[in-house]
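Here is a short tour of a structure for you to follow on screen. Have your viewer ready, and enjoy the walk.

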Amino acid sequence: MILKSLVAIGLVIVVLFTFPSYDPQNEATLFDQYQSIIAQDRNTSFPVMTFNIRVDIEERDVANHFKNRVFRIRDTILKWRPHLMGLQEPFAGQLLHLQSTLPKRYREIGFHRNTGDLGHPSRHYDFKVGFLYDDEHLELISQDYIWLSKTPRVQDSRSWNSNGIRTLNIAVFQRIHFPNDPKIIAFNTHLDAFVEEARREQSKIVAQMIEEYAEKYPDSPIFLFGDFNTAPGQMSHRILRSQIDDAWMVCQSSSTCIQNHVSPSFHGWFGSRMDTWGGRLIASAVFVLHGMGAIVPHHIPRSIHEVIDVLKTPLPFSIWEAIPNPFRLHVDWIMFRSGKAIDVSPQLMLVADVRDHNFSSDHFPIVGLFKMNPRDRTQSDGKQ
């Protein structure tokens, strides 16, 4: 009887961590559709990406070290050819390394200090929420950079017990082939990985800045990229949706928008195994604790004491505020807001570069393809 029970349990575990299985051909099909949409109307198509490329640190598996991943990141970027990318986590040296593998048209935007030398030690953290943009399609008009704290203009400031210094990169672009169209506003951020109160307060600052730029550039479309360390449905997501739409949700509700159905965007080097029913169950439970205020380690617990420490953590927030969407556990999002002169709609949203080995990062990138239609091009000429 015991043996039968163990066999049954073993079979359940195997099934849970085997299905659903990801078919790589799915991405190949989606890529063909992506290219087809762009080919049909290059003037209104706006391809973008958000990608946490993982900080350059020593890894347990040498294959996951940045120097061994950088060419996979390059291949992913060159495959999808986004006009604009929000990157999270790179040191300045990583960005330089990545740029050296890319066409020169991909230009960087970070926190610009007095020195122009990206290799200078003072610029080590300048690109933790950096942009890369294609200067054949976009011209940088202006840029701003703030800290997500009670004193946003104080460099390196942090509040609410935020584990890390968290920032918001803001850029204003002009589409080169449409000089009379309104400008494009882009935000890129990375919310705190450990403290729920900090994530909520940081989200409020981001939402406030979006509102300010929407008032300053009412005709312009706005895009927000980032790693939010929060799943859709949780409080930071709700706060941001008060000012800006979640592109994935809008795509999901559209009969014409194309998307895949990969549940995680952070996979922690487990790859598509995190998209199995077992992976989703574990991730959902962790997100609930995370959203209630538990300090959850970003690794498999090394002992039962680590598990007990997490469970002993006071949980200051309600479980009803912490329940995520179990079918979409993305921490990486692309959000958007149409302008008065430009109507924005997602045509394709997907979790890309899904694999089980030879990873480009411990996150999968999110690719978005948007259609930007002037509501009335003659009225938008010369504005802003």
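## Sheet, core and salt bridges

Asp144 has Ile170 in strand 6 as its bridge partner. Strand 6 (residues 167–175) pairs with strand 5 in the antiparallel sense, over nine bridges. Strands here are DSSP E runs of at least two residues and helices are H or I runs of at least four, numbered from the N terminus; two strands pair if DSSP finds at least two bridges between them.

A word on the source: this is a predicted model, in which local features need pLDDT of at least 70 and side-chain atom pairs count only at pLDDT 80 or more, while totals for chains, interfaces and linings use all residues. Residues are numbered from 1 along each chain as its sequence is written, and side-chain values use heavy atoms, without hydrogens and water.

The largest nonpolar core holds 30 residues, and Phe46, Leu84, Phe173, Phe223, Phe225, Met349 and Phe370 have the most contacts inside it. Such a core is a set of buried Ala, Val, Leu, Ile, Met, Phe, Trp, Tyr and Cys residues joined through side-chain atoms within 4.5 Å. Buried means under 20% relative accessible area, exposed over 50%, and partly exposed in between (1.4 Å probe, protein chains only). Leu84 touches, among others, Phe46, Phe131, Tyr133, Phe173 and Phe225, not counting residues up to four places away in sequence; a contact is a pair of heavy atoms within 4.5 Å.

Now the charges. The whole structure has 18 salt bridges, each a side-chain nitrogen of Lys or Arg within 4 Å of a carboxyl oxygen of Asp or Glu. Three of them are set out here:

| Salt bridge | N to O distance |
|---|---|
| Asp135 and Arg107 | 3.4 Å |
| Arg166 and Asp192 | 3.5 Å |
| Arg328 and Asp246 | 2.8 Å |

Arg328 lies in the loop between helix 9 (304–312) and strand 11 (332–337) and Asp246 in strand 9, so this pair ties together parts 82 residues apart in sequence. Both Arg328 and Asp246 are buried.

Are Arg166 and Asp192 buried or exposed? Arg166 is buried at 12% relative accessible area, and Asp192 is buried at 0%. By contrast, Asp135 is partly exposed at 27%, and Arg107 is partly exposed at 40%.
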